[in-house]
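Here are a few exercises to work through with the model open. Try each task before reading its solution.

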Amino acid sequence: MDRYARWNALLELLTESGRVSVEDAAARLDVSQATIRRDFDQLAQQQMITRTRGGAVANGVSYDLPLRYKTAKHSAEKQRIGAAAAALVTPGMVVGLNGGTTMTEVARALAVRPDLNSGADGAQLTVVTNALNIANELLVRSRMKIVVAGGVVRPQSYELVGPLGSALLREVTLDVALLGVDAIDAHLGAAAHHEGEASMNNLMVARAKRVVIIADASKLGLHAFARICPIERVETLVTDSGAADETIAAFETAGVQVIRA
């Protein structure tokens with residue numbers, strides 16, 4: 001297990017229990033206590049935890065983890081979701097993408113499709129994104145036209161937020177917005193933890209002919225602080241096969257097409 005994977009595991013342990021000792025963490029992760037002490041010290045320096053005698057405590061009740069610390073949790077599901085979402089895109093479209101681990105898989109699936117990279121007969125795909133890592137994924141793997149919204153970078157997600165990016169998004173029209181979310185509920189709609197990200201995503205929704213929400217089963221039925229859009233604005237939900245039938249039924253009753261990858 002590499003350092004970032006350990007850090008993610010430690011933060012998840014703290015999220016579950018609020019407090020963890022060096023001995024317990026070392027046993028759970030099957031590493032030395034010296035390694036755990038170093039990890040705790042480094043996480044405390046970044047103000048992600050509070051160090052205690054013999055262990056650590058959580059700084060808050062939940063974590064909006066920086067993307068660089070997130071492991072590929074539910075990675076197989078996210079890869080399948082990414083491929084299913086990318087299949088909804090056709091050559092010549094203008095597509096909006098936001099950030100996040102699942103959206104990274106969407107970007108990778110788009111980048112390897114030859115039909116989206118030909119550029120022949122005006123069929124080149126145009127991607128509008130407010131996420132630096134998504135732009136980079138596409139830039140190094142494809143010949144698509146990439147438009148990046150400006151703004152202030154959030155280190156948690158690499159997304160650009162604020163009025164600089166808002167001005168650009170108000171001037172474009174999207175055929176489809178493919179949006180990863182922190183939570184989506186069949187009654188309350190799609191939401192994000194951070195209000196700045198939610199605001200940028202809401203602008204993409206406003207400028208899109210179609211809205212597709214991409215979320216693994218762990219995000220379904222959850223609530224988050226800042227709403228992105230009401231459920232009535234969501235045309236399609238792409239999720240994984242682990243989603244419960246009753247949860248899917250609630251979205252379908254709300255008029256959302258559900259694709260289980």
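Contact here means heavy atoms within 4.5 Å. This is a predicted model, where local features need pLDDT of at least 70, side-chain atom pairs count only at pLDDT 80 or more, and totals for chains, interfaces and linings use all residues. Residues are numbered from 1 along each chain as its sequence is written, and side-chain values use heavy atoms, leaving out hydrogens and water.

**Exercise 1.** List what isoleucine 213 touches, not counting residues up to four places away in sequence.

*Solution.* Go through the neighbours: Leu179, Val181, Ile184, Ala190, Val234, Thr236, Leu237 and Val238.

A nonpolar core is a set of buried (under 20% relative accessible area, 1.4 Å probe, protein chains only) Ala, Val, Leu, Ile, Met, Phe, Trp, Tyr and Cys residues joined through side-chain atoms within 4.5 Å.

**Exercise 2.** How do the axes of helix H1 (residues 3–17) and helix H2 (residues 22–29) cross?

*Solution.* Helices are DSSP runs (H or I, at least four residues). The two axes, lines fitted to C-alpha atoms over the stretch in contact, with angles from 0 to 180 degrees between N-to-C directions, come within 11 Å and cross at roughly 125 degrees. That makes H1 oblique to H2; oblique is what's left after under 35 degrees (roughly parallel), over 145 (roughly antiparallel) and 65 to 115 (roughly perpendicular).

**Exercise 3.** Is arginine 154 buried or exposed?

*Solution.* Arginine 154 has 10% relative accessibility, so it counts as buried.

How values were computed:
Buried means under 20% relative accessible area, exposed over 50%, partly exposed in between (1.4 Å probe, protein chains only). Helices (H or I, at least four residues) and strands (E, at least two) are DSSP runs, numbered from the N terminus.
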